[in-house]
Amino acid sequence: MKQLIFFVIATFIASLPLQSSAQINNYYPGTWQDNAHTETLTGPIAQQPYYITSYKIARDFNITNRDKAEAFTHYKTIYKKIHINTAAAADSLTQLALTLENGEMLRGFRIRAIFPDGKAANLTDQTRSLKLNDNRVAVVVNNIQVQAGCELEYEMSLKIQFDYAGADYLQSGIATGQTHFILAAPRNLQFRFHSANGVPAVKDSTSGNSHFHQVALQHIAPLKSNELYYYLPQLQRIDFALNNAIEGKDTTRITWQQFGEDAYIPYVSVNKTEQKQLEKELDRWPFLRQRRPTSQLIYLVEQYIKSNYSLRPASDFFEAPDLGSIIRNKQTDKVGMVKLMMATFYTLNVPVQLLFTASRDTIPLQQDLVNRAAANNILLYFPTEQQALAPTEMDTRYPCYPPLWSNTLALRCRDTLVGTQSRVLTDFITTPQPLYTLSSSTLEASVSNLSALPSWKITQSFGGYAGSNVKNAFSQANTTELRNTIFNAILPFMPGNRKPLAVEAQNEKFTPLPLDKPVVITSTLETPGLVVQDGGNYIIGIGQILTGNQSYNYSIPEGNRPIQLAFPYYQEKRVHIELPDGYTLADKAAFTADITNKNLMGFKMRCEEENGRLNIFTIEWYSQNEFNGDSKKTFEAVMHRLKQLQQQPLILKKK
């Protein structure tokens, strides 16, 4: 039911007037009928608390000259009819909120409730358009009163600025009886389409001076969210993008090459005065006084700039900052930050290129569809190292950058000399990611004298992405209470089962030390309740130190849906227990495992007794950030084994 209930969390600045205008019948005649009636579906969908009987999307690029002059590109209309099937669902639906994205302007909205007896109640007067404090707009309908068997029917019309490309989701977390998509455009605008996740190909037709592109779906099952994949890319959708624009005898082709030239040049254009000012600045950087390996130099440059230059919104600057003002004021906007880093690496003779990419939890880039808005994440790529950094993300360091930008398609831009002229070259590559061995986490723990109060000596280390996350947390922890909160999240055993006697952290913030130098946490923990003597045996609750405290109750994605991790990683744990005289491990098989899938992933565990000490070793690794096919079964087996191990007591018995 929560999919239908939206609450406006952001504080609104002002209530905007709302207009009502009917548009959907321009595309789907007879949809919003004067003689209203409810529609009841049959089959499994009818067993849901609520379902969508009809969902229709229309995009129309036939717009008025006045709207063209104001940089609008097209109109978008959304129609939805929701059937309320149970009393509980009706009781839960008291408010509906629809948030507009930046670049969308409300053109019209209407909504009504249709009752089982065919009577309709107009709810448009209960609707307000609220401006949120992030400058977006939400359309909110309050005081909704419906009952089982009712339907909510609404229609929203928007003006869209700038965009000639985008995507429309035809599926959601709610079952849908029928979904329709249509894009209408004048004949001089030619579009390309991509049908994703089982959507049929777009059907084309013409009428008068317009092209029409349509898709229809029936009985669309809901897609449940899953912790193991990013939700939006898995939904059925239609991607579209303008390909050609014809004006008389001239044809303008929309290409990624043109986008690359437009986007790349502002980041690399440096005049002679700026270059001299930069060279003077670099003379003052102490770490440049000696030669260093390229990888280390890249890290130090990024670390120095992000530690000494602040990033502020572009709106704070009257004009786009040049390198001179950036260097003087030690602050800039995102464009200036990219320009500063690019110019620095050029000056230091470090080959560098620009990547424009999307995020793995949204719509990916496609080579044959030019969606400029999707290419909104910028990376600096170093071809000699085959790694990248994110210049405007202040909480990441080379070679790590936001993990959702990794292993996805990106447009690469670089320059070359053709004769005496510089040209921009573009192509597509997959964004790199560091080896899984960089993002390593290790734990070594030892305990002695089980007959007394058990005290564990523990050393933990975190490198790569794991280390970056820890460093970011500590960087924001400016009080003892916040630091203790971080330690509580990092230390093994549940907080109620342990008593920290001493905790220390080393290399806990970003410094000139690169990310292969890990954060190190050392601690001494008492765990009085986790060692029990029973009938001459020692029973030790060791599962949490071997597996951590997280839940392993994952649902493996069905069919060809992938398992997606934030980043590849590696974990190693070594636990040492001093055995009481005359005792041995009761069940060695309980602490033995070998589950692997080639070099993709695996979990191995072994134990041994040596010189009166029990040693348990575990290794867990995931060499990629996405898995499909038989590797999903391996992942499931690993999760099952870790879940067992987490609950598995270690029993020592007399020999």
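Modeller: I begin with Phe61, which is buried at a relative accessible area of 2%; buried means under 20% relative accessible area, exposed over 50%, and partly exposed in between, with a 1.4 Å probe and protein chains only. The model is predicted, so local features need pLDDT of at least 70 and side-chain atom pairs count only at pLDDT 80 or more, while totals for chains, interfaces and linings use all residues. Residues are numbered from 1 along each chain as its sequence is written, and side-chain values use heavy atoms, with hydrogens and water left out.

A pair of aromatic rings is described by two quantities, the distance of the centres and the angle of the planes. Rings of Phe, Tyr and Trp (its six-membered ring) pair if their centres lie within 6.5 Å; planes under 30 degrees apart count as stacked, over 60 as edge-to-face, and the rest as tilted. There are 23 aromatic pairs in the structure. In one of them, Phe61 and Tyr164 have ring centres 5.9 Å apart and planes at 20°, so this pair is stacked. Phe61 belongs to the loop between strand S2 (50-60) and helix H1 (65-69), and Tyr164 to the loop between strand S9 (151-161) and strand S10 (165-169), so the pair ties together parts 103 residues apart in sequence. Helices (H or I, at least four residues) and strands (E, at least two) are DSSP runs, numbered from the N terminus. Whereas Phe61 is buried, Tyr164 counts as partly exposed at 34% relative accessibility.

A second pair joins Tyr436 and Tyr570: with centres 6.4 Å apart and planes at 50°, the pair is tilted. Tyr436 lies in the loop between strand S23 (421-430) and strand S24 (440-448), and Tyr570 in strand S31 (residues 569-578), so that distant parts of the chain, 134 residues apart, are linked. Tyr436 counts as partly exposed, at 24% relative accessibility. Ring pairs also link Tyr465, Phe567, Tyr569, Tyr622, Phe627 and Phe635 into a cluster.

Charged side chains meet rings as well. The charged end of Arg110 sits over the ring of Trp32, 4.0 Å from its centre, and Lys159 lies over the face of Phe72, at 5.3 Å from the ring centre. A charge sits over a ring if NZ of Lys or CZ of Arg is within 6 Å of the ring centre and within 35 degrees of the ring normal.

One tyrosine can also be placed within a sheet. Tyr538 has Leu652 in S37 as its bridge partner. Strand S29 (residues 537-540) and strand S37 (residues 650-654) run antiparallel and are joined by three bridges; two strands pair if DSSP finds at least two bridges between them.

Among contacts (heavy atoms within 4.5 Å) between residues at least 6 apart in sequence, 73% join residues at least 24 apart. Along its principal axes, the C-alpha trace spans about 90 × 75 × 45 Å.
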